[in-house]
Amino acid sequence: MNSTVNKTKIKVSVFSVAFALGLNIAGVAPVLGVLSEVFKNQGSNLVQMLQTVPYFLLMIVSIVVGWLVTKIPKKDLLLSGLLIVAFIGSAPFIFNSFSFIMFSRLLVGLGFGIISPLNTAVISEFFEGDERAGMMGLHVAGMGIGALVINITGGIIGNIGYNYYFLIHLIAFFAAVIVLLQLPKTKPVSVNSSEKLELNRKVYELSITSFFHTIFITAFLTNIGIHVLNNINGNAGLTGIITAVNAGFALLIGLNFRRISSLLKNNTLPIAISLAAIGYFIISIFPNNLVVIFICSALCGASLSCFMAQASFMISTSVSNVSIALANGVFAMIGGLGGLLSPIVLNQIAEKVFGKASTNSVFLICAIGMTILSICTYIIVIVRQKEAQLV
């Protein structure tokens, strides 16, 4: 860790990249209800995949980044990823056929796959201990603020015309300018005999947990626009406000993550998962209640923020510095696979169990799934505590 660098500039850079990552969280959720109407001939599964298809390249590239950091400086990689998000993500404003939008959404995952693991790797390079935990909170808070702004603004823009929504990806261009000016350029990560690129059991446990958590948590954003349209006759503006609440609570958790993790300690992950379970249960019981929808949105946002911050911090402290980018890449890849499969898996389960893949049935499946996942995670926590006592 270089103690001579200006940490304020690094914090500004980390926050700006995290803000741009809010584009990945928001996706096309604010206009998904509109898109489902405009392209209803494509089928609901295919339209919902516009939200999740970036995960395909995200999960592949995230692994490659773990190796690329040994060849290319992190700053250069971040700049390339941000520019990909900015220009490919905004392209559907001009070319707005369904096939091109899907192609653009696929390729934008390339940019997100580069910047997602790298931002936490930058934090791990310059910060340690409690300061690192606080920076992980800032990272999640930045994503929360970004998603909040994007959801509110995107919902308003979406009412003007869904193609205008894609211009919001130009936020990543401004983030690239900030990174260029604020982030110090360091050398590629050096690999030596004492520090090898290797992972451990904790990385894989967290990644598998993220796989299932992402399957269920993604369902809120892929279904809420359609749910609002079908259950309370809402529009893109209302959907944007609802998803903004989701991002707002993610922000609150991120800003206070250091206190939350200090209070909950090893129980942080299972409690984070339980929040989403509660949210999904109440929305499946009261699907037409707008207040309940807002509460569910808040709980899912808090769950995502708390889970990601804690998991990222645990990964950063469980492997050597040279392996952090790779570990975050594996985590992003396996979690990304869950996001990619989310609408396909949940809609298939809903059709087989309930005979119809309605948003209500999907939310109920998510409630049950999150509950089981929370219990399993808590059991793992207990097992690890006993192992630590025996050592």
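Threonine 239 is a residue of helix α10, which covers residues 236-255, in what is a predicted model. Is threonine 239 buried or exposed? Its relative accessible area is 3%, and because buried means under 20%, threonine 239 counts as buried. When its neighbours within four places in sequence are left aside, the residues in contact with threonine 239 are Ala29, Pro30, Ile224, Gly225 and Val228.

Helix α9 spans residues 201-231, while helix α14 takes in residues 324-354. The axes of α9 and α14 come within 7 Å and cross at roughly 30°, and the crossing in which α9 passes α14 is right-handed. Which residues of α9 meet α14? On the α9 side they are Val203, Tyr204, Leu206, Ser207, Ile208, Ser210, Phe211, Thr214, Ile215, Phe216, Thr218 and Ala219, and the residues they meet in α14 include Gly335, Gly338 and Gly339, along with Phe331, Ile334, Leu337 and Leu341.

Because arginine 201 and glutamate 205 are four residues apart in helix α9, about one helical turn separates them.

In one of them, glutamate 131 pairs with lysine 7, and the closest N and O atoms are 3.3 Å apart. This pair links distant parts of the chain, with glutamate 131 in helix α7 (residues 129-160) and lysine 7 in helix α1 (residues 7-26), 124 residues apart. Glutamate 131, at 30% relative accessibility, counts as partly exposed, and lysine 7 is also partly exposed, with a relative accessible area of 22%.

A further salt bridge is formed by the side chains of lysine 185 and aspartate 76, at 3.3 Å from N to O. Lysine 185 lies in the loop between α8 (171-182) and α9 (201-231), whereas aspartate 76 belongs to helix α5 (residues 74-90), so the pair ties together parts that are 109 residues apart in sequence. How do the two partners stand in accessibility, exposed or partly exposed? Lysine 185 counts as exposed at 56% relative accessibility, while aspartate 76 counts as partly exposed at 29%.

The surface has a nonpolar side as well. A nonpolar patch of about 1,000 Å² is made by Leu83, Phe87, Ile160, Tyr164, Leu167, Leu170, Phe173, Phe174, Val177, Leu180 and Leu181, and the elements that give two or more residues to this patch are α5 and α8. Which element gives the largest share? The largest share, five residues, comes from α8. Leucine 181 has its place in helix α8, and at 60% relative accessibility it counts as exposed.

A last stop is lysine 265, found in the loop between α11 (257-264) and α12 (268-285). Its phi is near 55°, a positive value in a residue other than glycine, and lysine 265 counts as exposed, with a relative accessibility of 54%.

Note on methods. Residues numbered from 1 in each chain as written. Predicted model: local features only at pLDDT ≥ 70, side-chain atom pairs only at ≥ 80, totals over all residues. Heavy atoms only, no water. Salt bridge = Lys/Arg side-chain N within 4 Å of Asp/Glu carboxyl O. Buried < 20%, exposed > 50% of the residue type's maximum accessible area, 1.4 Å probe, protein only. Patch = residues over 30% accessible without salt bridge, like charges linked within 9 Å, V, L, I, M, F, W, Y side chains within 5 Å. Areas by Shrake-Rupley, 256 points an atom, 1.4 Å probe, with all protein chains shown as cover. Contact = heavy atoms within 4.5 Å. Axes fitted to C-alpha atoms, helices over the stretch in contact; angles between N-to-C directions. Left-handed = near helix turned anticlockwise from the far one by under 90°.
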